[in-house]
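Welcome! Please take a moment to look over the sequence and the model below before reading on.

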Amino acid sequence: LHCLGDGSTVDRAIPRHIMPSVKFKKIAAGCRVMLALTEDGYVYSCGSSAYGALGHAVASETSAQLKLISNFDNIVDIAAGGFVADGKYLNFCAAIQQNEGEAATLFTWGYNGYGQLGLGTTVSHSAPQLINIDFEPAKLACGAGHLAVLSKDGSVYITGANGRGIIYGTTEF
């Protein structure tokens, strides 16, 4: 629902160019949510969110048009994940921010029922939250209910759902 970012609710069988005046360098798609990272480090989002996964500080929101996440810049990587349970879209997202001359930092937002936001709780958040970590993040990947972070030293950190020793979904860097 509303996750194509073209401002409509029409399904598309052929790719359609959206926001031709903006240059993007990365996109991430989760369960009914899409993120788009601009060349200059800003993040846009669209889709359906019952837990704030669009990052606009609104708990329940639908946006058919890509919309800028306010007060969020110098982003170098993004990821989106989630799944559907009992008819609810349980989306969550993550981003790495790299301010000049500083260590990279990790932000997460959206559904957090399995602790996948890495905040030490299962409380969901509708705006990006700075995560307290003791490593420098380099790349991100989200699965259905988990977040994987590759650090700059090559270590992997993971948080979230882990049913029967198997992490749900797939994760690639």
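## About the model

This is a predicted model, in which local features need pLDDT of at least 70, side-chain atom pairs count only at pLDDT 80 or more, and totals for chains, interfaces and linings use all residues. Residues are numbered from 1 along each chain as its sequence is written, and side-chain values use heavy atoms, with hydrogens and water left out.

## The chain as a whole

The chain has 0 helices and 11 strands. Both kinds of element are DSSP runs numbered from the N terminus: helices are H or I with at least four residues, strands are E with at least two. Of the 173 residues, 45% count as buried. Here buried means under 20% relative accessible area, exposed means over 50%, and partly exposed is in between, with a 1.4 Å probe and protein chains only.

Strand β1 (24-29) is joined to β2 by 5 bridges, and the two run antiparallel. Two strands count as paired if DSSP finds at least two bridges between them. Ala 29 stands opposite Met 34 in β2, and Met 34 in turn has Cys 46 in β3 as a bridge partner. β2 and β3 also pair in the antiparallel sense, over 5 bridges.

The one between β2 and β3 has 4 residues between them, with Gly 41 in the turn at a positive phi of about 90 degrees.

Strand β2 (residues 33-38) is mostly covered, as 6 of its 6 residues are buried. In a regular strand the side chains alternate between the two faces of the sheet. In β2, Val 33, Leu 35 and Leu 37 point one way, while Met 34, Ala 36 and Thr 38 point the other way.

## Two open sheets

Strands of a sheet pair through backbone hydrogen bonds, either parallel or antiparallel.

β9 and β10 are joined by 5 bridges, and β10 (residues 146-151) pairs with β11 (residues 156-160) over 5 bridges. Ala 148 is the bridge partner of Ala 141 and also stands opposite Ile 158 in β11. In the hairpin of β10 and β11, Gly 154 takes a positive phi near 90 degrees.

## Aromatic rings

There are 7 aromatic pairs. Rings of Phe, Tyr and Trp (its six-membered ring) pair if their centres lie within 6.5 Å; planes under 30 degrees apart count as stacked, over 60 as edge-to-face and the rest as tilted. Tyr 51 and Tyr 111 form an edge-to-face pair, 4.9 Å centre to centre with 65 degrees between the planes. Tyr 51 lies in the loop between β3 and β4 and Tyr 111 in the loop between β7 and β8, so the pair ties together parts that are 60 residues apart in sequence. Tyr 51 is partly exposed at 24% relative accessibility, whereas Tyr 111 is buried at 13%.

Phe 72 and Trp 109 have ring centres 5.6 Å apart and planes at 90 degrees, so this pair is edge-to-face. Phe 72 sits in the loop between β4 and β5, and Trp 109 in strand β7, 37 residues apart. Both Phe 72 and Trp 109 are buried. Ring pairs also link Tyr 51, Phe 83, Tyr 111 and Tyr 114 into a cluster.
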